[in-house]
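Please look through the sequence and the structure shown here before reading the notes that follow.

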Amino acid sequence: MGFLVGFTGFIVLAIILLIILSSCVKIVPQAQAMVVERLGAYRETWNVGLHVKAPFIDRVAKRVILKEQVVDFAPQPVITKDNVTMRIDTVVFFQITDPKLFTYGVENPIMAIENLTATTLRNIIGDLELDQTLTSRETINTKMRASLDVATDPWGIKVNRVELKNIIPPAAIQDAMEKQMKAERERREAILRAEGEKKSTILVAEGKKESVILDAEADKQSAILRAEAEKEKRIKEAEGQAEAILKIQQATAEGLRYIKEVDADEAVLRLKSLEAFAKAADGKATKIIIPSEIQGLAGLVASVKEIAGN
């Protein structure tokens, strides 16, 4: 019986020892770190991997996430240089670079960053007027990031960037801005419409000018073509007349050559002269004056009467 009790006690003791030993073995995941204290004092920082702590005297004081974190702070009331109260909410991107400083540097790091962001924002906006605040987001972001990064270094925190999420001016200012934007849009619309009408008028005038130029050019080309056609016509007529004269001359020369070859007598020559006079009359003359040299031919009077009658 005593042996059974002793064995049971041994088993219980072994289980307790296993529980204690297992609680002393810690595995640190990726992108995390653990701050270990011994008897209430900082001992070391565990990074990724397997670690063993001494039982009862060592403890994990804090688990720290080393990944970049994002915190979105509620809108903060700020006053501009020209005494306009507006509300601005910010988004801060930060990363823990030193787990020890983060654990022991400040009691509540997120609250500290929020308060520091609000005060820094008020300082920066206090030096700007309303219009500058609305158009200088990038400048405000840069100034805030630099200021917060310096202030959070003792806490083991690096501020990567700061963004102004919303800038909410008072309702009266919003109404005035909307009216101003509407007036500006109407002004731009009027300018664009006037420019469009101006361009349209210019294009119409240029079109008319081009049309007049084209009409004048067409008239010029037409006159040139008509002149060339008339010139060509006269050339053709002159060539035809010249060719006709040439044909007549050739025929006359051929007749003379033929008469010469047949050795025509004087009567025939005089008869040919009479035919030439008849042709000269062209059927329109009522009488023909015949030279005295050819009046002595017998039978010429009848021929003359016949020609005159025709």
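Predicted model: local features only at pLDDT ≥ 70, side-chain atom pairs only at ≥ 80, totals over all residues.

A residue is called buried when its relative accessible area is under 20%, exposed when it is over 50%, and partly exposed in between.

**The aromatic pair**

- A search of the whole structure finds one aromatic pair, and its rings belong to Tyr42 and Tyr104, whose centres are 6.0 Å apart.
- A pair of aromatic rings is described by the distance of the centres and the angle of the planes.
- Because the planes of the Tyr42 and Tyr104 rings stand at 80°, and planes over 60 degrees apart count as edge-to-face, this pair is edge-to-face.
- Tyr42 belongs to strand 3 (residues 41-46) and Tyr104 to helix 2 (residues 99-104), so the pair ties together parts that are 62 residues apart in sequence.
- Tyr104 has a relative accessible area of 38% and is therefore partly exposed, while Tyr42, at 30% relative accessibility, also counts as partly exposed.

**A charge over a ring**

- The ring of Phe93 has the charged end of Arg161 sitting over it, at 4.0 Å from the ring centre.

**The nonpolar surface patch**

- Val25, Ile27, Leu50 and Val52 make a nonpolar surface patch of about 410 Å².
- Strand 1 (25-28) and strand 4 (49-52) are the elements that give two or more residues to this patch.
- Leu50, which lies in strand 4, has a relative accessibility of 59% and therefore counts as exposed.

Technical notes
Residues numbered from 1 in each chain as written. Heavy atoms only, no water. Patch = residues over 30% accessible without salt bridge, like charges linked within 9 Å, V, L, I, M, F, W, Y side chains within 5 Å. Areas by Shrake-Rupley, 256 points an atom, 1.4 Å probe, with all protein chains shown as cover. Salt bridge = Lys/Arg side-chain N within 4 Å of Asp/Glu carboxyl O. Helix = DSSP H or I, 4+ residues; strand = E, 2+ residues; numbered from the N terminus. Buried < 20%, exposed > 50% of the residue type's maximum accessible area, 1.4 Å probe, protein only. Phe/Tyr/Trp six-rings, centres within 6.5 Å; stacked < 30°, edge-to-face > 60°. Lys NZ or Arg CZ within 6 Å of the ring centre and 35° of its normal.
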